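User: Hi! Could you walk me through this fold, one question at a time?

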Amino acid sequence: MAIFFLFLLASVFLLLLLRRPARFRRLRLPPGTLGLPLVGETLQLISAYKSENPEPFIDDRVRRFGPVFTTHLFGEPTVFSADLDTNRFILQNEEKLFECSYPGSISNLLGKHSLLLMKGTLHKKMHSLTMSFANSSIIRDHLLVDVDRLIRLNLDSWTGRILLMEEAKKITFELAVKQLMSFDRCEWTQNLMKEYLLVIEGFFTVPLPLFSATYRRAIQARRKVAEELGMVVRRRRKESDAGERKKDMLGALLAGEEALSDDQIVDFLLALLVAGYETTSTTMTLAVKFLTETPRALAQLQEEHEQIKARKKESDQQHLQWNDYKSMPFTQCVVNETLRVANIISGVFRRAMTDINIKGYTIPKGWKVFASFRAVHLDHDHFKDARSFNPWRWQQNGSGSTVNAFTPFGGGPRLCPGYELARVELSVFLHHIVTQFSWVPAEDDKLVFFPTTRTQKRYPIVVKRKNENRQCKDSRSL
């Protein structure tokens with residue numbers, strides 16, 4: 001019966017495929033191929049991104065069809081853009097010509113009220129609220145002290161062999177929970193993090209529990225996370241009604257002009273936890289990996305932070321201050337280059353709201369488009385020797401085409417609202433790791449990019465505290 005059902009689906013899809021040229025005869029579609037019935041080119045995309053070199057999937061098609069081409073991904077015909085101007089056009093025409101649209105697995109796991117999937121006036125209001133909560137003045141006056149404290153607290157437990165990606169995830173999850181709901185590390189936050197890992201594993205799987213055990217586990221974990229967050233929201237709502245308010249994101253949501261239901265707030269918090277935890281922890285890990293593989297960059301970064309540490313020792317300050325963060329120019333080069341090479345967010349999905357003419361082609365109404373940031377970031381026309389880690393390029397090109405082509409946080413109305421906070425967390429993390437530790441890789445590890453960017457073995461390293469090195473030297477001199 002199941003085989004017959006699949007055969008029937010394939011037959012229907014094939015008939016639709018055969019009819020498609022008649023329907024779009026008057027349109028000049030971008031060149032490309034729709035691949036196999038039902039699956040299109042999804043399996044080729046996933047196979048490429050599970051390797052350490054996904055570039056051939058894009059490179060081959062750009063070479064054959066040009067930087068804007070037609071494909072078929074995650075069950076839908078899709079126009080794939082590896083072109084800077086087209087990507088900018090897509091981002092700038094949000095909710096005019098394009099609307100946010102993601103694969104069903106992401107939509108189902110994040111929830112229809114997540115910021116990623118919100119549209120219209122509500123999205124504008126909630127995006128503005130989130131931006132205002134994570135702007136420079138709020139970070140400087142309120143958030144930086146917790147960022148510095150929680151990072152130092154986590155690094156205090158490091159010894160011997162560690163899995164850097166796991167340790168970074170602990171840091172960013174605790175930071176996100178603290179900033180969103182004012183929770184410090186406890187058993188509840190650790191249990192919540194375990195369920196979150198299962199939710200994230202379900203991204204970019206087939207959104208059918210019957211066919212995907214990973215997706216089934218993710219849906220179950222999502223339900224548990226929503227229940228836990230729901231209890232927090234209900235308790236805090238009662239406290240807020242009684243006049244007890246906290247200065248965190250949840251407090252801002254409960255006190256906002258927009259009357260939001262518990263379910264809306266849960267979806268909103270759930271998505272922000274994903275955004276603030278997964279991407280930043282991966283960037284932390286890959287920054288260390290790239291620096292380890294580029295000793296000259298690591299040495300220059302260490303020099304910059306040892307100078308900051310020396311100044312703080314002279315002034316008898318322990319915590320990093322805003323002026324310390326603003327005196328990290330090479331650190332910002334390292335952060336930029338890590339974001340560019342790693343491409344934690346490889347691109348964004350949108351859906352055409354009407355027939356759209358661009359680059360001499362027509363994107364039909366209802367079709368998906370994918371604006372690939374990765375393809376532009378690794379394009380030699382925009383970045384010299386683009387696939388090499390070179391933080392000094394950001395000293396040489398402070399403006400111009402390099403900056404215009406750099407979109408690690410998206411752009412337009414959906415620019416990531418936490419981009420400045422992410423940069424601060426990365427900078428503070430790099431300060432403490434390079435001033436407190438030396439390290440070597442425990443074993444070889446490589447990057448993979450599906451379902452999210454990460455290292456295959458979670459980047460195991462062996463760390464040694466720098467004061468231990470000094471003690472050893474002192475003992476040898478006695």
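Analyst: Happy to. In strand β1, 6 of the 6 residues are buried, so β1 is largely enclosed by the rest of the structure. Please keep in mind that this is a predicted model.

User: Over how many bridges do β1 and β2 pair?

Analyst: β1 and β2 form a hairpin with 2 residues between them, and F74 in the turn has a positive phi of about 50 degrees. One of the bridges joins T71 to its partner T78 in β2. The pairing with β2 (residues 76-81) is antiparallel, and the count of bridges is 6.

User: Let's turn to the open sheet of 3 strands: which strands stand at its edges?

Analyst: The order is β4-β12-β9, with antiparallel pairing. An edge strand here has a single partner, so one of its sides is left without a neighbour in the sheet; that describes β4 (160-163) and β9 (437-441).

User: What is the bridge partner of W439 in β12?

Analyst: β9 and β12 (residues 460-465) pair in the antiparallel sense over 5 bridges. In β12, the residue bridged to W439 is V463. Helix α8 (residues 164-181) also packs on this sheet, touching β4 and β12, and its direction makes about 65 degrees with that of β4. To return to your question, the partner of W439 is V463.

User: At what angle do α15 and α19 pack?

Analyst: α15 covers residues 329-342 and α19 covers residues 419-436. α15 passes α19 in a right-handed crossing. Their axes are 10 Å apart, and the angle is about 115 degrees.

User: How do the residues of that contact divide into nonpolar, polar and charged?

Analyst: On the α15 side the contact uses T331, Q332, V334, V335, N336 and L339, which meet R423, L426, S427 and L430 in α19. By class, these residues are 5 nonpolar, 4 polar and 1 charged.

User: Is S212 buried or exposed?

Analyst: S212 sits in the loop between α9 (187-201) and α10 (213-241). Its side chain reaches the backbone nitrogen of Y215 at 3.1 Å. The relative accessibility of S212 is 11%, and because the cut-off is under 20%, S212 counts as buried.

User: Last one: how far apart in space are H382 and N404, C-alpha to C-alpha?

Analyst: H382 lies in the loop between α16 (373-377) and α17 (393-396). Not counting residues up to four places away in sequence, H382 touches L84, V376, T402 and A405. H382 and N404 are 22 residues apart in sequence, and their C-alpha distance is 9.1 Å.

Technical notes. Residues numbered from 1 in each chain as written. Predicted model: local features only at pLDDT ≥ 70, side-chain atom pairs only at ≥ 80, totals over all residues. Heavy atoms only, no water. Axes fitted to C-alpha atoms, helices over the stretch in contact; angles between N-to-C directions. Helix = DSSP H or I, 4+ residues; strand = E, 2+ residues; numbered from the N terminus. Left-handed = near helix turned anticlockwise from the far one by under 90°. Contact = heavy atoms within 4.5 Å. Nonpolar A, V, L, I, M, F, W, Y, C, P; charged D, E, K, R; others polar. Pairing = 2+ DSSP bridges. Buried < 20%, exposed > 50% of the residue type's maximum accessible area, 1.4 Å probe, protein only. Polar contact = N/O pair within 3.5 Å; in protein donor to acceptor, adjacent residues only side chain to side chain.
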